[in-house]
Amino acid sequence: MSEKNSKNANGGLAPLIATVLVGIAAVAAVVFLIVMNSGNSGQRAPSDSSAVTSSDASITFRPTQELVEECNNNAHDLVANNYEILKLFLLEGTPHGDEPYGNDPEDGYYTAISSKYPTYASLETFVESVFTADEAERILHDFDGNGLTVYNAREDHDGALGIIASFAPDTTYDKPWESSRIQFVPVSETECSLTIFLGADENTVLSSVPSEHTLEVSMVKGTDGWRLTKLVY
């Protein structure tokens, strides 16, 4: 069996450094900025406890120091994992082996070569640890909105991870994830809004980041912990 794809999508996002900057918005909402740079150690940012006030002055949510740190840590990890899943499902895929005698796979999937995700179940568990149940289901079984299942279990190979034979990396995608910053606002005990500024570093004026490099997503907390509500890219 030979390796067909020289790119390995399982290296994950580069280690990150998080630094918090605090600003007061017009509605007195405090935001926290995390700097994500490649090539640095993955320490978490310090954080502060402040109030988030809605446009209705009678409703004020005051996140505790513990909640701010919890949102900080989870935003950092989930956004990194979002990027890894984006690479797996769209940008790079995984290397894979040929079928015997160079035949096309009967089930439409080549056996992926991945030490991190040796079985489909291991990839499924990872996706479900990053996204809400509905979004994880969409990513796994309807990635393009037309029923595309990029990965599947190869039942005749003990449930090994299989990558669809027609997979082709998206070579047109060029958004700069290598240096990014996250702005997060705790909305309640179980919800936090995130804004991701791609291509930004600690010296970037965030208002100068192009709209196509500014991604919005929510992070919600359930019985199994925090999850992103959608794949952002």
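How do the residues of the lining of the largest pocket divide into nonpolar, polar and charged? The lining comprises four nonpolar residues, one polar residue and seven charged residues, where Ala, Val, Leu, Ile, Met, Phe, Trp, Tyr, Cys and Pro count as nonpolar, Asp, Glu, Lys and Arg as charged, and the others, Gly among them, as polar. The structure is a predicted model, in which local features require pLDDT of at least 70 and side-chain atom pairs pLDDT 80 or more, while totals for chains, interfaces and linings use all residues. Residues are numbered from 1 along each chain as its sequence is written, and side-chain values use heavy atoms, with hydrogens and water left out.

The volume of the largest pocket is about 190 Å³. Twelve residues line this pocket, and Y83, L91, E92, D170 and Y173 are the closest to its centre. A pocket is an open set of points, on a 1 Å grid over the protein atoms alone, where a 1.4 Å probe fits, with protein on both sides within 12 Å along at least five of seven lines; lining residues have an atom within 4 Å of a point. Grid points are joined across faces, edges and corners, and the volume is the space filled by probe spheres set on the points.

The protein chain contains three helices and eleven strands, arranged along the sequence as β-β-β-β-α-β-α-α-β-β-β-β-β-β. Helices (H or I, at least four residues) and strands (E, at least two) are DSSP runs numbered from the N terminus. Of the 233 residues, 46% count as buried, with buried meaning under 20% relative accessible area, exposed over 50%, and partly exposed in between (1.4 Å probe, protein chains only). The chain exposes about 11400 Å², of which carbon and sulfur atoms supply 49%; areas come from the Shrake-Rupley method with a 1.4 Å probe. Of the contacts (heavy atoms within 4.5 Å) between residues at least 6 apart in sequence, 61% join residues at least 24 apart.

The largest nonpolar core holds 50 residues, of which I85, F89, V127, F131, Y151, L194 and M219 touch the most other members. Helix 1 (residues 65–91) supplies the largest share of this core, 13 residues. Such a core is a set of buried Ala, Val, Leu, Ile, Met, Phe, Trp, Tyr and Cys residues joined through side-chain atoms within 4.5 Å. Beyond four places in sequence, M219 touches residues including C71, A75, L78, L194 and W226.

S218 belongs to strand 10 (residues 214–222) and is partly exposed, at 23% relative accessibility. Its contacts, not counting residues up to four places away in sequence, are with E191, C192, S193, R227, L228 and T229.

Two residues other than glycine have positive phi values. Y101, with phi of about 60 degrees, lies in the loop between helix 1 and strand 5 (109–111) and is exposed, at 83% relative accessibility. D158, with phi near 55 degrees, lies in the loop between strand 6 (151–154) and strand 7 (160–164) and is exposed, at 78%. G97 is also located in the loop between helix 1 and strand 5, but is buried, with a relative accessible area of 3%. The C-alpha atoms of G97 and I113, 16 residues apart along the chain, lie 6.9 Å from each other.
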